[in-house]
Amino acid sequence: MSKILSFYRKPEKYQYLFNREQPFTVYGISNLDKIPQIHYLSKEQQFSIKVVANVLPFRVNQYVIDELIDWTNIPNDPIFQLTFPQPGMLEEQDYNKMADLIRNDADKFQIRKLAGEIRQRLNPHPGGQQTLNVPTFNKQQLEGIQHKYRETVLFFPGRGQTCHSYCTFCFRWAQFIGDKDLKFSSNEASHLYHYLRSHKDVSDLLVTGGDPMIMKARHLRDYLMPLLDKEFEHIQNIRIGTKSITFWPYRFITDEDADDLLDVLRELVQKGKHVAIMTHFNHWREMETPMAIEAIRRLRETGATLRSQSPLVKNINDDPDIWAKMWRNQVRMGIIPYYMFIERDTGAKNYFELPLYRTWEIYRDAIKQVSGLSRTVRGPSMSATPGKVEIQGTTEINGEKVFVCRMIQGRNPEWVQRPFFAEYDEKAMWLDDLKPAFGEKKFFFED
Ligand SMILES: *Cc1c(COP(=O)(O)O)cnc(C)c1O
């Protein structure tokens, strides 16, 4: 019997898990050697984690270490890859330079300087997030807000800009390395209300981060309850992006204000908003612990809908069977598969990226294994500067092999749903690598 079914049939068997004191111990570069399972890693592996974690963010907590990682399968375990920096995440040259500094006990200043140089080469701000998506008011940039697609405003509440653990492939990695200039945030909800008040064509607010579920319930309440006011009637859908079901499901079960948090969602639903929890699972294993199952059950009970979106990443989930099983589990548990993303062109992308033709093959080989209820998932899609571009397949037209693409979201609303064709290229990894098919000079969105 699957863990999910046995949990639903025998919840009392798992009660001990919920009653246990939950120490929220967080590990990073400074207390790596305190991880109880650290002896599973060789000295060399521990050293390489330190080298990479001086450049890319690293944070993992006790729950992930105890419940999700299979320590007998290191380094291949997908959740280990998801949370622990790996030597291949830096270019060899950069890795060696950083390793030398650490071996020679270089001072902090030197290490920070090199880290800064390497980070600049890792495209810290992909897709014009800071230059093109941040709206202005009275010539001032509205901090904490992004607005790219007409219907949906993104809000980055200041208190929700961190996570319980960090994903090694995170496309917002730059905001976790303590560089203030690189960080989006806003302590100022008034910007948000002002902006929404004057944009009546916005129907969706997407609260994101970091992880907004890291916030205290009362702060989430303060941000969201004003949206029940009549002047925000046009905001029909409140989406909250979160990875907490994976990294800290106790957030919805035993945390001090867990019930209060669920009440906020319940109240928004009862008063007429559609609340969508945008979950993030990379592997089915994340949703199979009794705690994750209970967290999902409690979230659904509020009347919120749960959807899932996730990138396809090499070394973690580049296998159609992983996706098929994940989607089947999700549908069974009441989570609607929504997006499969292509890993963005930032951070340790060389370690995670897959050729576009492969992303499509994996999507197709996964989707053909599941019923129509899972085929709500779109993808594989690139969140690129002009919009979200879906690879719909490959075909041959007049003897030319092409990618069939579709713009599913566009910076210009007129672009939405436009199909287009690109030259087939086995090496293409991102939209920038594609050339228009049939000898055309430009894609329609390049004018
Ligand atoms: C994906 C995305 C959205 C949401 O798009 P939907 O297709 O409505 O889910 C909004 N803003 C940005 C910047 C996005 O990348």
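1. Between which helix and which strand does the loop with N123 lie? N123 falls between helix 7 (108–120) and strand 3 (136–137). Helices (H or I, at least four residues) and strands (E, at least two) are DSSP runs, numbered from the N terminus. Phi of N123 is near 45°, a positive value in a residue other than glycine. Most residues other than glycine have a negative phi, and most peptide bonds are trans.

2. Ground rules. This is a predicted model: local features need pLDDT of at least 70, side-chain atom pairs count only at pLDDT 80 or more, and totals for chains, interfaces and linings use all residues. Residues are numbered from 1 along each chain as its sequence is written, and side-chain values use heavy atoms, with hydrogens and water left out.

3. Cis bonds. The I74 to P75 peptide bond is cis, omega near 5°. P75 is in the loop between helix 4 (62–68) and helix 5 (78–83). The G209 to G210 bond is also cis, omega near 20°. G210 is in the loop between strand 7 (204–207) and helix 9 (217–224).

4. Polar contacts (N or O atom pairs within 3.5 Å). Polar side-chain atoms reach ligand oxygen atoms at 2.7 Å from Y338, 2.9 Å from Y339 and 3.1 Å from Q409. Taken alone the ligand exposes 390 Å², and the protein buries 87% of that (Shrake-Rupley method, 1.4 Å probe).

Definitions and conventions. A polar contact is a pair of N or O atoms within 3.5 Å; within protein, one must be able to donate a hydrogen and the other to accept it, and residues adjacent in sequence count only if both atoms are side-chain atoms.
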